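Please open the model in your viewer, with the sequence panel beside it, and follow the selections below in order.

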Amino acid sequence: SFFSGGGVSPRGPILFLTADGISWTNQRTTVTRWIIYAVTYGNGTFVTVGDSGTILTSSDGTTWTERTS
């Protein structure tokens, strides 16, 4: 699976998920209201960074936890 930082909606940031690089689905998170700029993966954890020092982590790409920057 691959993630891409997306935009922001009234319900929170949008992350896009794909398994093949062709078909993408959105994964909304309400953990933060800030825009997400980048997503990376390592050691079994997805990590995002965004506006105002936003850092989110997830082990499954669905449930996200906000971290202190």
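**Starting at strand E6**

Select strand E6 to begin: E6 is mostly covered, with four of its five residues buried, where buried means under 20% relative accessible area, exposed means over 50%, and partly exposed lies in between (1.4 Å probe, protein chains only). Strands here are DSSP runs of E with at least two residues, numbered from the N terminus. The model is predicted, so that local features need pLDDT of at least 70 and side-chain atom pairs count only at pLDDT 80 or more, while totals for chains, interfaces and linings use all residues. Residues are numbered from 1 along each chain as its sequence is written, and side-chain values use heavy atoms, with hydrogens and water left out.

Within E6, pick Thr54, which is buried at a relative accessible area of 3%. Its side chain reaches the backbone oxygen of Asp51 at 2.6 Å, a polar contact being a pair of N or O atoms within 3.5 Å in which, within protein, one atom must be able to donate a hydrogen and the other to accept it, and for which residues adjacent in sequence count only if both atoms are side-chain atoms.

E5 and E6 form a hairpin with three residues between them, and Ser52 in the turn has a positive phi of about 55°.

The hairpin of E6 and E7 has six residues between the strands, and Gly61 in the turn has a positive phi of about 80°.

**The whole sheet**

Which order do the strands follow once E4 is shown as well? The four strands form an open sheet in the order E4-E5-E6-E7, with antiparallel pairing. Strand E4 (36–42) and strand E7 (65–67) stand at the edges with a single partner strand each, so one side of each is left without a neighbour in the sheet. Neighbouring strands of this sheet are turned by 25° against each other on average, direction ignored; the axes are lines fitted to C-alpha atoms, and angles run from 0 to 180 degrees between N-to-C directions.

**The aromatic cluster**

Now show the side chains of Tyr41, Phe46 and Trp64, which ring pairs link into a cluster. Rings of Phe, Tyr and Trp (its six-membered ring) pair if their centres lie within 6.5 Å, and planes under 30 degrees apart count as stacked, over 60 as edge-to-face and the rest as tilted. The structure holds two aromatic pairs. In one of them, Tyr41 and Phe46 are tilted, at 4.6 Å centre to centre and 55° between the planes. The rings of Phe46 and Trp64 have their centres 6.4 Å apart and their planes at 50°, so this pair is tilted. Phe46 lies in strand E5 and Trp64 in the loop between E6 and E7, so the pair ties together parts that are 18 residues apart in sequence.

**Zooming out**

Finally, select the chain, which has zero helices and seven strands. Buried residues make up 29% of its 69 residues.

Technical notes: Pairing = 2+ DSSP bridges.
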